[in-house]
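Student: I have a structure to go through, and I would like to know what stands behind the terms used for it. Can we take them one at a time?

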Amino acid sequence: MMADSEPEEIAVIGNVDLTSAELKNNITNTMVEIEKSSTLLRKMEINVAEAEKRTGKNAVNMQETYSVYLIETRPVDAVTEGITPAAPDTLWRRYSEFELLRNYLLVTYPFVVVAPLPEKRAEIVWHKLSADNMDPDFVERRRVGLENFLHRVASHPVLCNDKIFYMFLTEEKEWKEMVYDTGFQAKADSRLKAMNAAFRVKNPDKRFIELRHYSDELQTVVSQLLRVRARVADRLYGVYKVHGNYGRVFSEWSALEKEMGDGLQSAGHHMDAYAASIDDILEEEEHYADQLKEYLHYTDALRAVCRKHELTQFELEMAAQDLAAKKQQKEELATGTVRIFSLKGMTSKLFGQETAEQREAKIQALEKQIEEGEETIKDKNKESDDFVKTAWLDIERFKEQKDRDLKEALISYAIMQISMCKKGIQVWTNAKECFNKM
Amino acid sequence: MSAGTPKSLASSGQKPIQDICHPLGAEEVAPAGLRTPSPDVGNATSSIGEKDLSLPNGTPVETSSPASSSSLLNRLQLDDDLDGETRDLFVTVDDPKKHVSTMETYITYRVATKTTRVEFDLPEYSVRRRYQDFDWLRTKLEDSQPTHLIPPLPQKFVMKGVVDRFSEEFVATRRKALDKFLKRVADHPVLSFNEHLNTFLSAKDLNKRQGLALLTKMGESVKYVTGGYKLRARPMEFTAMAEYLDMFSQKLGTMDRIAQRIIKEQSEYLVELREYGPVYSTWAAVEAELHEPLEGVAGCVANCSSALDELTEDMSEDFLPVLREYALYVEAMKAVLKKRDNVQAEYEAKLEAAAFRKEERATSVQQVPTDVERCQDRVECFNADLKADWDRWQSNKRQDFRHLLTGVADHNIQYYEKCLAAWESVIPLLHDKQPQEAETD
């Protein structure tokens with residue numbers, strides 16, 4: 001498709017031939033879980049139908065090229081009941097808008113393991129694969145990844161009900177303003193704050209510590225796996241491609257021979273076919289890598305939940321500490337004893353006792369503060385409890401999803417390997433027949 | 001002979017070992033020495049004729065044998081021989097053994113013979129021979145049968161340290177090559193009746209004169225160089241042969257390089273695979289539900305790795321040596337072609353001289369033609385032998401490469417079948433826990 005400066009127009013053009021692509025996408029959607037009837041994905045069909053290159057001016061007025069993705073939505077009823085399927089609603093989104101959506105979700109739902117986006121830049125790929133962001137294969141893989149992301153959110157029991165998410169799918173123009181109007185940025189916790197909390201929490205929850213530990217391990221092992229897999233792919237590519245040279249040499253050699261010629265010549269063709277077959281095999285395998293990559297990036301989401309928990313825990317502990325300090329102060333004032341050395345104790349000793357009124361007023365102020373503090377603790381406790389409860393629920397959901405997905409991924413990987421072996425057997429059997437005729 | 005004596009003295013360093021291995025001593029020294037034609041040591045140009053003249057003399061034993069009486073007859077029998085129905089000489093080279101003495105370390109191979117031929121006193125022989133002995137045999141064959149293509153021996157590898165000559169792999173590969181060499185000689189309708197082969201197969205001790213043989217070889221190579229002038233009427237077929245050999249050896253070289261490259265790529269692939277599998281195990285260790293599936297994949301990758309290892313080994317042990325044998329074969333064939341050209345050149349020169357003399361005076365017509373005729377006979381004999389050997393070689397080559405390449409295909413098929421079995425065995429492991437999830441397969 002040609003680049004166009006007017007998004008609406010493109011959207012209209014995009015409407016025309018979508019149904020077939022849509023159906024195809026639908027089949028690939030089976031990967032995504034379809035949860036209880038309440039999820040959005042049950043009611044709405046969501047596809048990222050195509051990607052397109054655009055050129056425009058960025059914030060600092062520099063020319064830049066970027067990709068936009070066409071999101072199509074339509075009510076499921078129309079499809080299932082076969083009543084003249086209405087043309088889907090379509091709109092274009094940039095990758096950065098997906099990022100914004102995800103950030104909003106992360107901040108708004110700190111207890112949810114929010115699905116990651118596909119990688120912005122191709123990482124840990126084997127050498128043949130282009131690392132260019134505009135590479136058609138990469139854009140296509142990202143399209144699949146973005147669709148997967150939308151399906152994950154749309155099928156999530158909590159996230160699917162989010163209004164901003166719904167707007168993301170349906171309102172092209174004012175959506176960005178709406179997101180910023182939620183003021184989610186103000187609620188975002190700084191990383192520094194979280195880091196601080198992580199080091200100072202006194203009574204960390206064992207489960208979250210384990211989860212954090214697990215996500216670290218998962219990240220390490222999956223990234224190592226991806227790295228080695230890329231090298232394995234590189235080598236496998238080499239093995240196949242070098243066989244292609246036999247194709248040439250057999251063909252040249254066949255010209256010298258009489259009886260052997262024909263057999264050699266056709267065996268050469270099979271060697272060519274063998275060398276060429278690796279391209280498809282490895283391209284398909286890249287899908288497996290993408291599935292693993294999703295879980296590599298999921299580890300960040302897991303850690304975000306852990307961080308949020310630590311922060312909540314830290315705030316609770318701080319409040320408790322504050323309250324304890326106030327209580328002690330009050331006690332000191334009431335009994336007139338100073339248990340621990342303090343500056344206040346020193347001054348009162350040096351400059352004489354305060355008047356009874358002053359003391360009374362202070363005690364009263366402290367009592368009020370203590371009351372407030374106790375209220376805060378109650379709140380914080382509830383907040384923390386709620387957080388743990390909801391977060392753990394989602395973590396359990398995530399674990400189930402992960403086990404299911406990865407099993408699926410391993411199965412499809414094994415199937416890929418099986419089909420590669422079968423192809424190999426086929427090619428060599430054909431070649432053998434030719435050799436036998438020599 | 002004066003040059004030969006110090007040489008044989010020099011090589012007498014191995015004599016004590018020879019004595020140890022083969023107690024039957026130096027009785028045959030004299031006949032062996034006599035048998036070596038002295039012209040070989042002599043000056044190059046004059047010896048061409050003499051040496052080649054000695055051809056019929058050099059094979060007196062064979063005249064009685066059915067095979068060498070007429071090379072034409074042989075040619076007709078060639079196809080039958082290939083079928084193995086008329087075979088009456090079976091040889092095998094096996095059981096390599098290492099010999100260590102104070103002087104040197106070397107490997108001997110058992111050469112076992114079974115035959116019904118009357119030229120042999122016994123129906124079965126078993127002797128031990130080392131590489132040098134095979135080399136001796138080949139030199140003898142080359143000398144006594146100059147019009148025939150002598151199969152090549154595996155490369156010598158004199159340079160120490162480049163190859164570990166006592167490694168199991170090296171010895172196994174060499175044994176195979178020596179076995180091939182000897183079988184090719186034994187299957188040849190002319191060479192198999194050579195008395196030196198008989199000696200090689202049956203005598204307890206060879207009493208070979210390495211030094212002399214070496215000199216002979218050098219003398220001959222000098223002759224080839226001098227004979228390099230353009231022939232007046234080389235038959236087209238021999239030019240075609242030479243061209244074919246050049247092209248073919250080029251293709252062999254390319255295939256050799258490709259095969260080596262594949263072996264290298266496969267070894268590197270293997271290194272990565274051996275790292276890849278264990279990562280799945282590491283992962284399995286941190287998972288509960290996924291533990292088994294991941295371990296399954298790890299085991300599967302390990303199985304594929306060992307299948308790949310076998311494949312690579314088969315390639316380097318079965319495929320490469322044959323390519324190399326044929327590269328050497330091409331060289332041997334080229335040498336025979338050169339010899340043929342020399343013989344033809346001599347004939348042409350003599351014919352020219354005769355024609356010139358004929359013009360001068362017609363009286364001596366009687367004398368010259370006999371010489372020219374003899375030369376012509378030799379050329380025709382050579383041509384006939386060479387063509388027969390060429391056809392035989394072509395047919396052998398076709399069989400060998402058919403066998404070799406089908407073997408390569410088989411090895412690859414087996415490799416993929418092993419991998420296939422491994423991956424298929426993993427699928428139920430992945431499905432087990434959630435059978436309702438069973439998807440496409």
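Student: How many helices and strands does chain B have?

Tutor: In this predicted model, chain B has 14 helices and three strands. Of its 441 residues, 30% are buried.

Student: Why is A:Lys362 called partly exposed?

Tutor: A residue is buried with 20 or more other C-beta atoms within 10 Å of its own, and exposed with 12 or fewer. A:Lys362 has 14 C-beta neighbours inside 10 Å, so it falls in between and counts as partly exposed.

Student: Where does A:Lys362 lie?

Tutor: A:Lys362 lies in helix H14 of chain A, residues 356-437.

Student: Which feature does UniProt place at residues 356-383 of chain A?

Tutor: The unreviewed UniProt entry gives "coiled-coil region" there. In the model, residues 356-383 of chain A are 100% helix and 0% strand, with the end C-alpha atoms 40 Å apart.

Student: Which residues of helix H7 of chain A are buried?

Tutor: In H7(A), residues 163-170, the buried residues include A:Phe165, A:Phe168 and A:Leu169.

Student: What puts them on the same side of H7(A)?

Tutor: They cover an arc of only 95 degrees around the axis, and therefore they share one side of H7(A).

Student: What do the buried residues of H7(A) pack against?

Tutor: Their partners in chain A are strands E1 (44-57) and E2 (63-75), together with helices H5 (95-108), H6 (136-154) and H8 (175-181).

Student: How is chain A divided into domains?

Tutor: Domain 1 covers 1-187 and domain 2 covers 189-438. Their contact takes 18 residues from domain 1 and 27 residues from domain 2 of chain A. On the domain 1 side, twelve residues are nonpolar, two polar and four charged.

Student: What makes up the contact between chain A and chain B?

Tutor: Chain A gives 44 residues and chain B gives 45. On the chain B side, helices H12 (236-286), H13 (291-360) and H14 (367-431) each supply at least two residues. The largest share, 21 residues, comes from H12(B).

Student: Which classes of residue are on that side of chain B?

Tutor: The side of chain B that touches chain A has 26 nonpolar, five polar and 14 charged residues.

Definitions and conventions: Residues are numbered from 1 along each chain as its sequence is written. Chains are lettered from A and ligands numbered from 1 in the order in which they are written. This is a predicted model: local features need pLDDT of at least 70, side-chain atom pairs count only at pLDDT 80 or more; totals for chains, interfaces and linings use all residues. Domain bounds come from an automatic or database domain assignment. Two residues are in contact if their C-beta atoms, placed from the backbone, lie within 7 Å. Ala, Val, Leu, Ile, Met, Phe, Trp, Tyr, Cys and Pro count as nonpolar, Asp, Glu, Lys and Arg as charged, and the others, Gly among them, as polar. Helices (H or I, at least four residues) and strands (E, at least two) are DSSP runs, numbered from the N terminus. The arc is that of the directions from the helix axis to the C-beta atoms. UniProt positions are given in the numbering used here, feature names are shortened, and annotations may be inferred rather than shown by experiment.
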